[in-house]
Amino acid sequence: MTDPTGKAGGPQEPELLRTILRAPGYLKALCFSAFVGIPVSLVAFWFLAGLHALEHAVWVSLPHAMGRDAPPWWWPLPLLCIAGVVVGLVVRHLPGAGGHVPAAGLATGGTKPAALPGVLIAAVASLPLGAVLGPEAPLIALGGGLSLLLRDVTRAPTSPLTTAVLGAAGAGAAIAAIFGNPLIAAVLLIEVAGVGGPRLFAVTLPVLLSSGIGSLVFTGFGRWTGLGTGKLGLKVAGPDRLDAPDVLWGVVIALGCALLMRPVQFVARRVALFVAGGGWPRTVLCALGAAACAALYALITGRSPAEAALSGQATLAQLAADPQAWGTGALIAVLLFKGVAYALCLGSLRGGPIFPALFLGAAAGVLLASLPGLGVVPAMTAGMAAVTVAVLRLPVSSVVLVVLLLGSPAMMPIAILAAVIAFVTTELLPALPVLPPAEPAPAPAGRPGASADAGATGAP
């Protein structure tokens with residue numbers, strides 16, 4: 001019997017796809033998506049280059065000017081205090097509250113152009129000053145909002161369909177910039193949206209088009225200017241082959257990472273509810289808590305507080321290139337203190353959850369790589385895939401991201417195994433506290449996991 005909705009491969013699906021493609025404004029929006037990729041990629045380039053320059057100035061150049069080889073232990077305290085004040089005031093006074101709360105996961109769109117100044121200010125205040133968050137969420141918001149702004153300026157046709165298409169296209173072009181790969185952007189945004197059937201093609205086409213063109217512009221512009229944007233690319237030390245012990249230990253690592261990340265997510269949700277109920281002073285308090293974690297890490301280990309602060313993007317590359325430079329004590333300390341700071345920042349500041357999750361997973365893998373028969377690269381692969389899935393609940397995106405970042409297709413089996421185990425474990429654990437939406441927004445179309453309480457892909 002034919003499904004009237006066209007699901008399950010029914011004969012209506014091809015006709016429904018033709019209907020979507022023939023919808024008023026869709027083909028124009030698709031063509032506009034190609035144009036959107038160019039300005040969005042340029043904005044993403046300067047945004048990332050600016051963040052990279054500010055972070056280097058605050059955490060490297062300024063301490064060197066003070067005659068220090070590394071920031072002192074107390075360095076994060078004033079910086080994150082400033083971040084907390086600025087973000088708290090942005091959340092209270094500017095439209096859009098500086099973007100969605102990162103404890104909720106990733107949001108694919110819905111950013112109004114009026115919210116862009118708040119998103120930009122909150123990101124600049126959070127990320128270079130030590131927030132344990134990444135730039136991907138602000139980039140998605142900036143890309144989606146900028147595409148809608150360009151639509152309004154050019155007076156392009158407006159409809160719910162074109163709004164969704166252009167929002168996805170802008171987000172895709174922006175997210176391709178940070179990961180340096182349009183494939184990651186397409187897979188990530190498609191999985192976040194959670195659509196299937198003909199709607200999948202309607203979302204895929206503009207994302208692929210804008211991210212592909214945007215990636216070309218971004219790469220070429222970066223070579224022309226010579227400026228760094230801090231793109232993530234790992235050069236992993238050690239052989240990249242799998243043995244039977246690697247697979248068996250990978251199961252244990254995936255299960256352990258999924259279980260250990262649950263308290264981090266629970267604390268993050270509680271922090272978000274705590275901050276929402278008390279205004280900007282509570283934001284400052286939580287930011288200072290994250291700063292205290294980084295300061296304690298530096299006092300205990302004698303290492304730079306930057307390792308426990310910031311997104312972990314630069315530190316992850318260093319860890320992957322020379323894992324032997326980290327002792328067991330330093331790895332345990334960074335997992336503990338950065339994990340707590342991560343939870344506090346997820347609930348109080350603004351940024352994305354991906355990069356700290358990748359670092360925590362990699363650090364856990366390096367820590368456990370001394371287990372009998374376990375290699376460093378398989379251990380890192382299992383840890384990164386498991387923690388990223390536990391945080392994002394996006395198994396396909398997590399596998400693609402980890403494998404491409406490591407540059408090792410041989411690690412794909414253990415990445416898939418770890419992602420599946422972590423995803424199933426996370427889904428079977430008790431539900432997390434629900435976050436109320438910051439402002440009314442259209443209900444997202446897709447799987448239940450992308451519910452309105454999270455505004456994205458947050459855990460249930």
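pLDDT is the predictor's confidence in each residue, from 0 to 100. This score matters here as the structure is a predicted model.

**Confidence**

The protein has a mean pLDDT of 82, and 78% of its residues reach 70 or more. Over residues 1-11, pLDDT stays under 50. The model has seven contacts beyond four places in sequence for residues 1-11. Residues 440-460 also stay under 50 in pLDDT. For residues 440-460, the model has 52 contacts beyond four places in sequence.

**The nonpolar core**

In soluble globular proteins, nonpolar side chains tend to be buried together. In this model, the largest nonpolar core holds 128 residues. Which of its members touch the most others? They are F179 and Y342. Helix α14 gives the most to this core, with 12 residues.

Look at F179 in the structure. Leaving out residues up to four places away in sequence, F179 touches I184, L188, I354, F355 and L401.

Helix α11 spans residues 313-321. Its buried residues are Q313, T315, L316, L319 and A320. Viewed down the axis of α11, these buried residues fall within an arc of 155 degrees, so they line one face of the helix. An α-helix has 3.6 residues a turn, so residues three or four places apart point the same way.

**A tryptophan in helix α9**

W249 sits in helix α9, which covers residues 244-276. Among residues beyond four places away in sequence, W249 touches L371, P372 and L374. W249 and G373 are 124 residues apart in sequence. In space, their C-alpha atoms are 8.6 Å apart.

**Salt bridges**

Side chains of opposite charge can pair when their charged atoms come close. How many salt bridges does the structure hold? There are two.

One joins E307 and R303, with the closest N and O atoms 2.8 Å apart. The other salt bridge joins the side chains of E427 and R393, at 2.5 Å from N to O. This pair links distant parts of the chain, 34 residues apart. E427 lies in helix α16 (residues 412-428). R393 lies in the loop between α14 (376-392) and α15 (395-406).

The table shows how accessible each partner is.

| Residue | Relative accessible area | State |
|---|---|---|
| E307 | 12% | buried |
| R303 | 25% | partly exposed |
| E427 | 31% | partly exposed |
| R393 | 7% | buried |

In the second pair, E427 is partly exposed, and R393 is buried.

A disulfide is a covalent bond between the sulfur atoms of two cysteines. The structure holds zero disulfides. C286 counts as buried, at 6% relative accessibility. Another cysteine, C81, counts as partly exposed at 27%.

Notes. Residues are numbered from 1 along each chain as its sequence is written. This is a predicted model: local features need pLDDT of at least 70, side-chain atom pairs count only at pLDDT 80 or more; totals for chains, interfaces and linings use all residues. Side-chain values use heavy atoms; hydrogens and water are left out. Buried means under 20% relative accessible area, exposed over 50%, partly exposed in between (1.4 Å probe, protein chains only). Helices (H or I, at least four residues) and strands (E, at least two) are DSSP runs, numbered from the N terminus. The arc is that of the directions from the helix axis to the C-beta atoms. A salt bridge is a side-chain nitrogen of Lys or Arg within 4 Å of a carboxyl oxygen of Asp or Glu. A nonpolar core is a set of buried Ala, Val, Leu, Ile, Met, Phe, Trp, Tyr and Cys residues joined through side-chain atoms within 4.5 Å. Contact means heavy atoms within 4.5 Å. A disulfide is a pair of cysteine sulfur atoms within 2.5 Å.
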